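Here is a short report for a reader new to this structure. Look at the sequence and the model first, then read on.

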Amino acid sequence: MTRIVFLGPPGAGKGTHAARLAESRGLQHISTGDMLRAAVEQGTRLGQEAKSFMDQGNLVPDDLIIDMLFETMSDAGWILDGFPRTLPQAEALDRRLRARGQGLDKVLLFDVPEDELVARLTSRLTCRSCGAIYNKRSRPPKEEGVCDRCGGVVSTRPDDRPEAVAERLRVYAELTAPLVGYYQASGTLKRVAADGSIPEIRAEIEALLEPES
Ligand code: AMP
């Protein structure tokens, strides 16, 4: 079974590439950000608790995220996109996998310079229904404001406003970047130079997932 983690700062392309790879390989695409946005849209208790953390660019508390994720996660193949984001989350994932006699195959770290991340996030558009990702300049939906995939409303996420973007990058550096060392130590980490075009990055990901790499 294939179990992959996509690690990297917001705006690095994890969501775009996780969706494509999951589709081509028949894997479950698990995006904790998409799950939380769906909970916010539906107005569930979790959504109400998570919303203010998300809008300000902060992380949602570990226990809420871990419970939400483990309820959904199958024992089959998956790509985790946006989880883990803290050391306690990574440790909880390891414990869960170990208890099932499973492990992670690869952790792909998406490397993008910070000025490029800011440019991408502040021009990003997201479908509020299915989470499909567009870009105002380079990849707009065919019809303005309408998702090509599901017909839902495409708009700027509240946390892609410049103030929230700055906070998300700060939170990444403080709480998530230490996971690079954690996964390097376990020998599963591979770096993706993720500042090229979508087809280039896709090819790089495919090459890194070859068994011998
Ligand atoms: P994303 O779509 O991955 O950028 O996530 C959007 C927001 O959801 C983040 O800025 C956090 O507020 C929250 N979030 C998503 N995944 C996690 C996680 N693993 N831990 C804590 N908060 C998360």
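Arg3 sits in strand E1 (residues 3–7). Helices here are DSSP runs of H or I with at least four residues, strands are runs of E with at least two, and both are numbered from the N terminus. The model is predicted: local features need pLDDT of at least 70, side-chain atom pairs count only at pLDDT 80 or more, and totals for chains, interfaces and linings use all residues. Residues are numbered from 1 along each chain as its sequence is written, and side-chain values use heavy atoms, with hydrogens and water left out.

Arg3 counts as buried, at 9% relative accessibility. Buried means under 20% relative accessible area, exposed over 50%, and partly exposed in between (1.4 Å probe, protein chains only). Leaving out residues up to four places away in sequence, Arg3 touches residues including Asp75, Trp78, Leu97 and Lys106. Contact means heavy atoms within 4.5 Å. The Arg3 side chain also reaches the backbone oxygen of Asp75 at 3.2 Å. Glu167 is 164 residues from Arg3 along the chain, and their C-alpha atoms are separated by 30 Å.

## Two helices

His17 belongs to helix H1 (residues 14–25). His17 is buried, with a relative accessible area of 4%. Beyond its neighbours within four places in sequence, His17 contacts Phe6, Phe110, Ile198, Ile201, Arg202 and Ile205.

Helix H6 (residues 114–122) has Leu117, Arg120 and Leu121 buried. Why are they on the same side of H6? They cover an arc of only 95 degrees around the axis. The arc is taken from the directions from the helix axis to the C-beta atoms. An α-helix has 3.6 residues a turn, so residues three or four places apart point the same way. The buried residues of H6 pack against strand E5 (124–127), strand E6 (133–135) and helix H7 (162–176).

## The ligand

Around the ligand are 16 residues, and Thr32, Arg37, Asn58, Gly82 and Gln89 come nearest. A residue is near if one of its heavy atoms lies within 4 Å. Helix H2 (residues 32–42) gives the largest share of this shell, 4 residues. The table lists polar contacts, pairs of N or O atoms within 3.5 Å.

| Residue | Its polar atom | Ligand atom | Distance |
|---|---|---|---|
| Thr32 | side chain | nitrogen | 2.8 Å |
| Asn58 | backbone | oxygen | 2.6 Å |
| Val60 | backbone | nitrogen | 3.1 Å |

Taken alone, the ligand exposes 480 Å², and the protein buries 96% of that. These areas come from the Shrake-Rupley method with a 1.4 Å probe.

Note on methods
A polar contact is a pair of N or O atoms within 3.5 Å; within protein, one must be able to donate a hydrogen and the other to accept it, and residues adjacent in sequence count only if both atoms are side-chain atoms.
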